Amino acid sequence: MRTFDVIVIGAGAAGMMCAASAGQRGLSALVIDHAEAPGKKIRISGGGRCNFTNIHTAPQAFLSRNPKFAISALKRYRPADFIALVERYGIAYHEKTLGQLFCDGSAQQIIDMLLAEMEKGGVTLALETVVDAIERNDDGFHLSLGAGERVLARSLVIATGAKSIPKMGATGFAYKVAEQFGVPVTETRPALVPLTFETGMLETLRPLAGVSLDANVRAGKTVFREGLLFTHRGMSGPSILQISSYWREGEPITIDMAAGVDMADWIGEARARNGRQSVVAALGEILPRRVAELVVGEAGVLGNLADLDRKAMARLVAGVSDWQVKPVGTEGYRTAEVTLGGIDTAALQSSDMQVKSVPGLYFIGEAVDVTGWLGGYNFQWAWASGRAAGLALPA
């Protein structure tokens, strides 16, 4: 039986960061993953360029039953710390929008960097390896592996992610481990995911498939202003993915398709300039033509700007700036970028991610009930939570 100070299950962002941090402290570490290559989710992220952090990372950008839980780890490992690591490896990067940082080259550069960091710490990596069973006794955690091998470690870190994107190998493994050791799990659901609509609404939206625009999208009191994309299944784009984490079944979302424009003032000014201009043509100056046609048709205001009375004006303004639609669901874990919910933070120590009732057992990364906004926040949580555990593991 091979013996290690720590075994990390999951060779993703959080797991590799944790193992590298522990290994460089002199701990013997084994990382196990069932995939044939490490960092599969890293590789596909950001269109293959890995949106590896967000310079605006702050606790309010994360959803959790306990919003304060993530503060400790995030404060101790900030975006600047990961950026410094990226720069030490000479990886060129750029800011895209809203503080999102991407590699100029390939996401593989981030994976290679993490592998190099693990190599510095002498970390052992076992790929295409399945964990059949986990037992705990006085000398630590005994793992039975698929090949009949058994390994032992004083500490065990679960970094297997959650349910999102099963085609990349995502499973509910972390939740099964939690159940085995009596660790509570909060309700889970797909997040950062496109929204879907009933057949009648889809017929209305069908002419808009492929059209995108800048929009304010609101669910309750939460608003995001980013791109919105109409698809043949419903709606997607950054603003929709963001709001999906806050939307709940049975509730509407409200869309302002002319974000930043006071539509009542704008229509009044447009009518003063040229009252003979058709409403569709006028709206086409600030909205995609197909969207303008839909809004005008739904509001029933076909004609010229000069023909608008007060009620028609109100319908038109509402159709652009206060469009309420009710999704019926999401595209599910198949396309969800992350999973909302997970290992209950009440069961973990925020300082090191250790289970309070099971000394030596840690959960990090997406498996935990900490979910960030779109745009590099979830990677920063992976780095920060992995680092917090890696630096706290006992020798």
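**Notebook: helix packing, cores and cysteines**

I began with two helices: α1 (residues 13–23) packs against α5 (residues 108–120) at an angle of about 30°, their axes 7 Å apart. That angle makes α1 roughly parallel to α5, where roughly parallel covers angles under 35 degrees, roughly antiparallel over 145, roughly perpendicular 65 to 115, and oblique the rest. For my own record, axes are lines fitted to C-alpha atoms, for helices over the stretch in contact, and angles run from 0 to 180 degrees between N-to-C directions. Helices (H or I, at least four residues) and strands (E, at least two) are DSSP runs, numbered from the N terminus.

A note on the source: this is a predicted model, so I kept in mind that local features need pLDDT of at least 70 and side-chain atom pairs count only at pLDDT 80 or more, while totals for chains, interfaces and linings use all residues. Residues are numbered from 1 along each chain as its sequence is written, and side-chain values use heavy atoms, with hydrogens and water left out.

Which residues bring α1 and α5 together? I found M16, A19 and A20 of α1 meeting L114, L115, E117 and M118 of α5, contact being heavy atoms within 4.5 Å.

Next I looked at the cores. A nonpolar core is a set of buried Ala, Val, Leu, Ile, Met, Phe, Trp, Tyr and Cys residues joined through side-chain atoms within 4.5 Å; buried means under 20% relative accessible area, exposed over 50%, and partly exposed in between (1.4 Å probe, protein chains only). The largest core here has 84 residues, and among those with the most contacts inside it are I42, I110 and W383. A second, separate core holds 46 residues, including A219 and I243. Beyond its neighbours within four places in sequence, I42 is in contact with residues including M16, C50, I110, L114 and W383.

Last, I checked backbone angles. I165 has a positive phi near 55° without being a glycine; I165 sits in the loop between β10 (150–158) and α6 (173–180) and is buried at 11%. L192, also not a glycine, has a positive phi of about 50°. I found L192 in the loop between β11 (189–191) and β12 (195–196), buried at 2%.
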